[in-house]
Amino acid sequence: MIFKLFKSKNSWQHKDSNVRISAINDELDSDNNEDKAILLSLLEGDPSELVRRAVLLKFNCFDHYLTAVSENDHSAVQAFAAAQIRDILADKHTISLSTAQKQAFINTTIQRDSFDTALFSYWLEHEQEPSIIVSLVEALLPKKNTAQFLLQTFSKKQSPAVQTLLLSLALPELSDQAFLAKLVKKAGSDDIVKLINDRLAQQRAQLEKPKKLLKQNQLILAKLLALKDQSDYGHYITKKASLAQEWQHNRADIDCLSEEDQQTLETKYDKITAQLTELFAPKEEAFQQAQIAEQLLQDKREARAQLTDSIAVLNQEIITAVFEESDHTDESLVQQAFAEKLKQLNQQLGNSVLNESDQAEFAKQIAQLEKRLTQLPEIAQSVSEATYLVSKISQLSLPQTLAELCDRQQIYHDWLSQWKLVDKKACGILPQSIVDAHLEITKLWRAGLKPLEAEQRQLFNQSKKKLIDLKRLLAAGKYKVCFGIFKGVKQAMQLLSKSQQLQLQHDYSIVSEKIAEISDWEHYIATPRKQELLAEINAIVTNPLDNPNEQADKVKHYRKIWNSLGHADEEIDQALNEQFNLACEQAFAPCRQYYAEQEKRREQHLAKRHELLKQAEQLAQMVTSSNDTAEVIDFKALDGKLNKLQQRWQQAGEVDREHYQKLLKQYKHLIQPIRKAIKDFHDANGASKQALIKQAEQQLAVEDIYQAIDTIKQLQQQWRDVGFAGSHQESKLWQNFRAINDQVFAKREQVKSKQQAQLDELANSYNDALAQLKVEAENTGNDQTRLKQLENEASDLFDQVRAIRPVPKSSAIAIERFIAELADKIALIEHKKSKVSWQSLFALLNKISNNSDGYTIETLSDETEFQQLSSFWKKRLAEQCQLTTIADCDIRAEKTLALEILAKVDSPAELADQRMAVQVGLIQTQMQSSVEVDLTQSFVDWLRLGKLQASDSVLLARLQNIFVC
């Protein structure tokens with residue numbers, strides 16, 4: 001029966017905690033209400049810390065972790081739940097909270113009187129969401145040094161969104177210019193820097209506003225006072241109104257000034273305006289009179305304009321009446337109507353404000369209109385004549401040649417003369433349509449005659465020069481060439497105008513007579529010379545020259561001279577020509593064989609050139625196909641092939657001229673795409689290198705020389721990657737690019753030299769500051785507060801040094817070493833204080849353990865050691881005095897071993913087995929928990945196990961070896 005009872009007992013009720021943990025993990029369901037109640041009961045009342053942890057891990061819920069921290073009575077479970085909450089909030093846990101959940105947790109937590117500041121600080125370090133970060137900052141601000149905490153947070157959180165939200169907080173520190181200046185150094189982006197600088201500028205402007213406004217108002221008063229010396233009343237009125245407007249505009253912000261300044265400004269303004277009013281009162285009447293005079297001038301200008309317009313309108317009406325209504329309107333009625341209008345115009349003139357001279361001028365114009373009314377028939381006749389002239393010239397086409405120019409040019413000039421007579425007769429009031437037609441015709445004829453007249457002038461100048469040359473040649477006896485030149489002059493004379501012919505007539509007559517005279521001498525000169533030339537060519541027929549080319553050239557030379565001799569006597573001229581032609585054939589016969597051999601060689605050369613054409617065609621097809629298929633061409637190899645082909649073409653030998661021209665055309669056509677591809681490649685490379693040169697030139701203007709150097713190095717690599725740009729520009733481009741590179745590098749050397757000087761100066765100043773800090777550190781002694789201040793000052797100095805580019809390494813290393821020395825010194829002082837504190841603590845604990853019943857809080861307060869403790873340990877000792885329960889000796893001994901194990905301190909040798917067992921348990925616990933070991937908290941837990949007894953003195957001595965070292 002008893003076995004059945006034990007068998008029916010649930011696993012979660014088992015005595016062994018490991019069994020209970022297995023039941024929690026495998027048997028109980030957190031979603032089942034009954035199982036959930038069991039789990040909650042285990043969480044609240046199970047004696048094992050590990051079981052409670054297992055329940056929390058089973059729920060794995062933020063709310064349960066949160067409840068356990070505040071309500072669970074087991075301190076280790078509270079610590080475990082707190083660690084889980086910390087990991088959840090820092091996004092290091094499997095549980096992930098939304099932004100709304102985090103915000104709700106913050107709102108709920110800060111409503112309580114106190115919250116875990118350490119948790120919020122840890123959470124803040126790991127949080128990434130800007131809104132949550134700002135909420136955490138707002139929650140922590142009351143518990144922190146606001147300026148220092150805000151600066152640290154701003155420095156750690158480099159997100160622009162976070163920094164923007166932090167800057168939006170309504171804090172007095174964010175209105176402090178010195179604090180904002182520190183924030184600028186910690187800004188994470190240029191936008192944040194600009195935002196802070198804008199705020200600084202606004203604050204500076206707000207601070208400077210009263211002073212600026214006071215100066216502006218004082219300046220306005222000074223300008224008002226300066227108006228006393230103004231002689232122009234109109235300028236005074238305008239300037240005073242402008243200054244008054246400025247004064248009223250500034251009065252809107254006058255509240256920022258002190259009451260005394262406001263009263264002073266208002267008093268001065270009223271006083272100055274009163275003085276100005278009194279001073280300029282006599283000038284006001286003169287100013288008004290001047291305005292009246294100005295208005296009179298304006299009225300005169302308007303009257304002149306009205307009269308001018310009326311006269312122009314009336315003149316146009318007269319033209320319209322004469323030329324458009326003359327056929328169906330009685331002339332007497334027209335004159336009567338216009339006479340009435342002229343009468344009204346005279347009345348308007350008499351009533352106007354114009355003076356006598358102006359009225360006389362307009363009266364003269366009106367009189368001219370009256371005169372025109374009496375000449376209407378003549379004017380009408382002139383319109384008909386003008387219309388006829390326009391129609392007549394319109395039917396005549398413009399000359400196209402010099403022969404036509406001579407006739408039609410005179411017609412046009414006669415027409416112009418006739419037009420002038422008609423225009424004069426019309427009294428200058430021809431209809432606008434006829435006037436426009438006349439202008440269009442004259443413009444057209446001037447444009448049409450201009451090129452032919454220019455050609456005619458050129459022909460005139462040429463003829464004049466040729467006549468001079470003819471006179472010179474005739475005088476020199478060079479008659480042969482004169483015949484051809486004279487023939488051209490004779491033809492040109494017929495194309496010149498009459499005036500031009502008259503200018504050349506004298507020289508032309510002299511040359512004509514001389515040419516007629518020497519023409520009779522031609523036969524007398526040519527006959528004997530031709531007979532001599534015939535004998536010379538017969539000589540080379542009988543005795544040919546050794547060189548066929550020279551023989552052929554000789555024959556050509558004789559033929560040229562024969563053709564230049566002119567005509568011989570008519571009886572023998574034909575016979576001499578036939579004999580000379582026969583001799584030329586006989587003299588040229590030996591050359592034909594030589595030329596036949598040359599022809600064979602030319603045929604061979606022709607075949608060779610055809611082969612070269614095929615090679616050129618293949619090379620061109622390769623380029624064309626690569627363009628179609630987007631295949632990459634090796635332009636360097638292509639250029640080499642083309643050069644070799646060019647060289648072979650030039651060395652291929654002579655061919656017949658007619659064939660060579662055809663072949664050359666084909667050859668050029670074939671290599672044209674090759675050359676174009678190579679040229680395009682070279683041009684593209686040249687353009688790329690030219691662009692690189694421009695980019696390099698831009699680096700000369702870059703202020704950051706090191707950035708410019710990096711860019712130059714990149715451009716150099718790009719230059720190497722760009723191909724050859726052609727021999728005609730490659731060298732020049734490289735020289736330009738290299739020269740710019742040299743300038744940039746030279747500029748870097750200058751900047752380096754200057755920076756080094758500045759850097760040395762800064763380093764010296766920082767070294768001086770560091771030396772001062774070292775002196776103060778030596779004089780400070782063990783004043784920990786002052787040493788920390790010096791450490792902060794050294795850190796600020798180190799930040800300033802690191803902000804310099806390039807960093808002065810010697811100064812930075814020296815400052816960093818000094819900071820480390822201060823930290824070591826501070827740590828040593830803190831260690832000594834801590835050691836003294838621990839010694840005082842254990843001294844009091846030993847007293848309590850040896851006299852546990854006689855020690856109260858009041859007794860402790862009287863102890864010297866008690867005054868040396870921190871408030872934390874004072875509270876723990878007070879708790880110890882208030883304990884009434886006696887601790888389990890085995891548990892306290894086990895906890896002592898645990899502390900020794902955690903602190904890695906040796907235990908008594910006789911406790912080696914127990915130490916091993918405790919160590920195994922600790923390892924299992926640490927594997928299941930990610931909570932870091934806190935020796936101090938563990939020691940506090942050791943004290944809370946129960947009231948100290950005399951038997952605990954041995955344990956206290958062992959613990960003292962852990963904390964007092």
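**Exercise 1.** Which residues of the largest nonpolar core touch the most other members?

*Solution.* The model is a predicted one. Its largest nonpolar core has 56 residues, and Phe120, Val137 and Leu174 touch the most other members. The element that gives the most to this core is helix α9 (residues 130–140), with seven residues. For Val137, residues up to four places away in sequence are set aside; the contacts are then Leu124, Phe149, Leu150, Thr153, Leu166 and Leu169. Another core, of 32 residues, lies apart from the largest one and includes Leu402, Tyr412, Ile434 and Trp445. As general background, nonpolar side chains tend to be buried together in soluble globular proteins.

**Exercise 2.** Classify the packing of helices α3 and α4, and describe their contact.

*Solution.* Step one is the geometry: α3 (residues 33–45) and α4 (residues 49–59) pack at an angle of about 140°, and their axes are 8 Å apart. Step two is the class: α3 is therefore oblique to α4, since only angles over 145 degrees count as roughly antiparallel. Step three is the handedness, and this crossing is left-handed. Step four is the contact itself: α3 contributes Lys36, Leu39, Leu40, Leu42, Leu43, Glu44 and Gly45, while α4 contributes Arg52, Val55, Leu56, Lys58 and Phe59. Sorted by class, the contact of α3 with α4 holds seven nonpolar, one polar and four charged residues.

**Exercise 3.** Carry out the corresponding analysis for helices α29 and α31.

*Solution.* The axes of α29 (residues 730–780) and α31 (residues 809–850) cross at roughly 15° and come within 10 Å. Because angles under 35 degrees count as roughly parallel, α29 and α31 are assigned to that class. The crossing in which α29 passes α31 is left-handed. On the α29 side, Ala763, Asn767, Leu770, Leu773, Lys774 and Ala777 take part; they meet Ser811, Ala814, Ile815, Phe818, Leu822 and Lys825 of α31. The contact of α29 with α31 comprises eight nonpolar, two polar and two charged residues.

**Exercise 4.** Is His682 buried or exposed, and with which residues is His682 in contact?

*Solution.* First, locate the residue: His682 belongs to helix α27 (residues 657–699). Next, apply the cut-off: buried means under 20% relative accessible area, so His682, at 11% relative accessibility, counts as buried. Finally, list the contacts: with neighbours within four places in sequence left aside, His682 is in contact with Asp639, Phe724, Ala725, Gly726 and Gln729.

Definitions and conventions:
Residues numbered from 1 in each chain as written. Predicted model: local features only at pLDDT ≥ 70, side-chain atom pairs only at ≥ 80, totals over all residues. Heavy atoms only, no water. Axes fitted to C-alpha atoms, helices over the stretch in contact; angles between N-to-C directions. Helix = DSSP H or I, 4+ residues; strand = E, 2+ residues; numbered from the N terminus. Parallel < 35°, antiparallel > 145°, perpendicular 65-115°, else oblique. Left-handed = near helix turned anticlockwise from the far one by under 90°. Contact = heavy atoms within 4.5 Å. Nonpolar A, V, L, I, M, F, W, Y, C, P; charged D, E, K, R; others polar. Core = buried A, V, L, I, M, F, W, Y, C linked by side-chain atoms within 4.5 Å. Buried < 20%, exposed > 50% of the residue type's maximum accessible area, 1.4 Å probe, protein only.
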